Amino acid sequence: MESAMVALVVEKLGKMMIEQINREASLVLNFREDFEWLSTKLTRIRSYLREADLRSAHNESVKSWLLDVAEIALDAEDILDECAVQSEGTDNESPQSSCVCAFSYSQLVFRRKMARRIKDVKERMRSILKLDGEELKLVGDVTHSDQPSTSTAQNVNWRGFNMIERDSHPAVAIESKVEEILHLLDDPAAPVIAVVGMGGVGKTFLMQNVFSRIKDKFEKSIWLAISQTYSLKKLQASLAMELDLNEVVNERVDEVKAAELIHGRLASRKFLIVLDDVWRATEQENLVLALGIPRGNNPESKIVVTTRSRHVSSNMIARVYELQPLSKEESWNLFCAFAFKGNQPTHHLEGIARQVEGECGRLPLAVKTVAASLANTTLSREWESKLQQLRAASSTEDPIMQILKLSYDSLPAHLKPCFVYLSFFPEDEEIDYQYLINLWVAEGYIPQGDDQLDIGWSYLCHLQSLCLVERVHVVVEGVHDVEVVPGKGLLYTMFKVHDLLLDLAISIAKASQCAFSVEEAFKKDLTVQTGRTCRRILMGKISIGDDDVEIMVRNRAYSASYLRTISFSNNSGIQNIPPILINGARVLRVLDLSNTGISALPTCVGNLKLLRVLNLSWTNITKVPECVRSIKGLRFLDISFCSRLDQFPEWIGELNCLEHLDIRSYSEKSVPKGISKLVSLQVLKLDDKNKLSVEDNDFLQLQHFVNLVNLREVWISIHHDAELKSIEDGILAPLVKMRDLAIFNYARYEKLQGIAKRVWEARGIFIINDFEVLEELPELEDGAMPRLEILEVRSCENLKKLPCGLELLKSLKECGLYRMKVTQMSESRELLKKLKANNPNVKIYSLEN
């Protein structure tokens, strides 16, 4: 992790130095020699990083040296970023004003502060160089690199990376286990069933298959993921939302009363509830009772718990189903599925491959991660090396975690911090891939440029191909006689991390104290004692309130001047953000307050000149705070689903670096025209409440979209005839960079004709939504839409048939048909068969009414 951070910073320093020097940025030029000196020294140290990484696990001196180097690199990056931002504020002035500004008091103070900080960093660097590779007995080789540089590794086209198209866990011998669980569920004497097994054995995957098979047989089927540090109140709130019990989702209702309300709602119903991955019992020793779930009232109602602990199952008086590791044959078949794409290995590899598979303990997670790390590897020496590593890992106290860490250790340098950043998210959370990529960009893991979304997507695909993340799909019924892969389409793609891999990311984060800090460091009455610098406060994993924040501040658990990320996401108990928390956070890049109870921001947020990501979604704000206006470098702003938001800022167009704007569910009649000034905007998400204007020139109109030349993705709702006609007439055709277009029909138009040729041909994704009375789609000619990769048709319930010519779409990768009846028709089924025959790699997703 530390070496990866140094490698990233060295490359960034070099690129930024060239960029700032070419721009003749005054403040950067002032410290040019200092930055060049730091870059040279870090480059020298970089030659020792590969060996230092390998030795750090067994040598505390080397580990400490790496941590020191990473801290220096990050501090150097912060200083350069601050100078660059400050330069933009002065270099954009007129020659006369900038001349005066250059000698202004504030500029002199800033330069003096930067000079002191640079001097400190250089002194620390000199100290590090005295204890460099020679004293640590490391052998550096500047010409050697075991990993591609980020610039070469990132030369991947958008969606062009070959994502693994396998299920995350192929159905190896799963059917017999599913049948055994179903048999238990038929037993009226077993109201509670506990699926017990060690981590990574496949408990969740097994129950997902069972759940999808039988959920429709119950009046209410609910899946609740239980994290290690779960909050009973939060679980009750999630359960209540599924049961339309709004009174429970209220801070004034305590757990006992909530349990009574939930019990009353479920008592007379036939239900299936899965409590996935229960780690511990509550103080009441029975989570089922604590939540308020009735047991035994209705013999047809079922509760299933998955857990690693027999203690948990005994407390719940559950019928136990012990899930054993794979058999030898099952394990080998799973290994081949990931290492050899389902084929058998060649003769010269079979012997060593069987030995490698044998070291994985027959646990599905370990088997597939090890196999995926060796996919496409044909050199015997690489297999031998992996075998030796596995044997060493097997002799440790926690062999499974060490086996998983081997996959992390083999990652390219640019992917290591990206994987560790997954510790940002709570256990079992479905992660929005766009948000994750924007976080990586804000942290500097992806270099600046127009292709950051492309690069970030390729990173995620690479991590998925190694089974370190999984793409989340919804299991649905399919089209008869056609291969169906459950999913939602790329526009709604989410990713998830297995809890053992999340544990791995957290453990690496903790070890790299300079890079990450997790919530355990900020519990009540705990004063943090650490020689390292805390750079991230991640409080989204536990329930806290305003009092806890005050305690954290009072305990001085961090130094604001080093913070890069503050996240209080999903803590509704937080109503206020004290200014003292943010004051002095001069290098803060990410502020995530989503799903909190805040209604305003402290004005000092406007001083966060390096802030790149601001997430205020699902909060109680009534307007976008005026202080945001000062953050000229902001790139990501999410104010979606803020139910009280009734005023949208006229000054939004001043945020000229904004690339991602999500204002879904904004309730005012129209949105200001100022959005049309956001020339850097790449993603704009609107919905049915974000009405475009037809007549009033003060508000955003469809014709203003042509100014947004960098748009790549937009969601538009149609409310007027004029809008539909403008789209059909090709008003969006000049937006040549736009790849994803979703059209939501809230005016209920019957036809969608001219759109096929003026719109469809240029898109990577096209979604048609809510055309309830639409009966037919335009016929597609041979050669039409040559670049279309994803087509989704949703809620078009009267569509009589799919468009003729659909089978000719050779570039199509996914075809999604949701909440429709069209797939019941024989003509459409035949069309889908032809599509599959002409394009065997296409994935067809279907959800019928």
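Colleague: In what order do the three strands of the open sheet run, and is the pairing parallel or antiparallel?

Modeller: Strands of a sheet pair through backbone hydrogen bonds, either parallel or antiparallel. In this predicted model, where local features need pLDDT of at least 70, side-chain atom pairs count only at pLDDT 80 or more, and totals for chains, interfaces and linings use all residues, the order is β6-β8-β7 with antiparallel pairing. The edge strands, each pairing on one side only, are β6 (431-432) and β7 (470-472). Residues are numbered from 1 along each chain as its sequence is written, and side-chain values use heavy atoms, with hydrogens and water left out.

Colleague: Over how many bridges do β7 and β8 pair?

Modeller: Two strands pair if DSSP finds at least two bridges between them, strands being DSSP runs (E, at least two residues) and helices likewise (H or I, at least four), numbered from the N terminus. Between β7 and β8 (residues 494-496) there are three bridges, and arginine 471 stands opposite phenylalanine 495 in β8.

Colleague: Why is helix α17 described as largely enclosed by the rest of the structure?

Modeller: Buried means under 20% relative accessible area, exposed over 50%, and partly exposed in between (1.4 Å probe, protein chains only). Because 10 of the 10 residues of α17 (residues 364-373) are buried, the helix is largely enclosed; among them are Pro364, Lys368 and Ser373. These buried residues pack against α15, α16, α18, α19, α22 and α23, contact meaning heavy atoms within 4.5 Å.

Colleague: Where is serine 410 found?

Modeller: Serine 410 lies in the loop between α19 and α20 (416-420), and counts as partly exposed at 45% relative accessibility. Its C-alpha atom is separated by 7.9 Å from that of serine 373, 37 residues apart along the chain.
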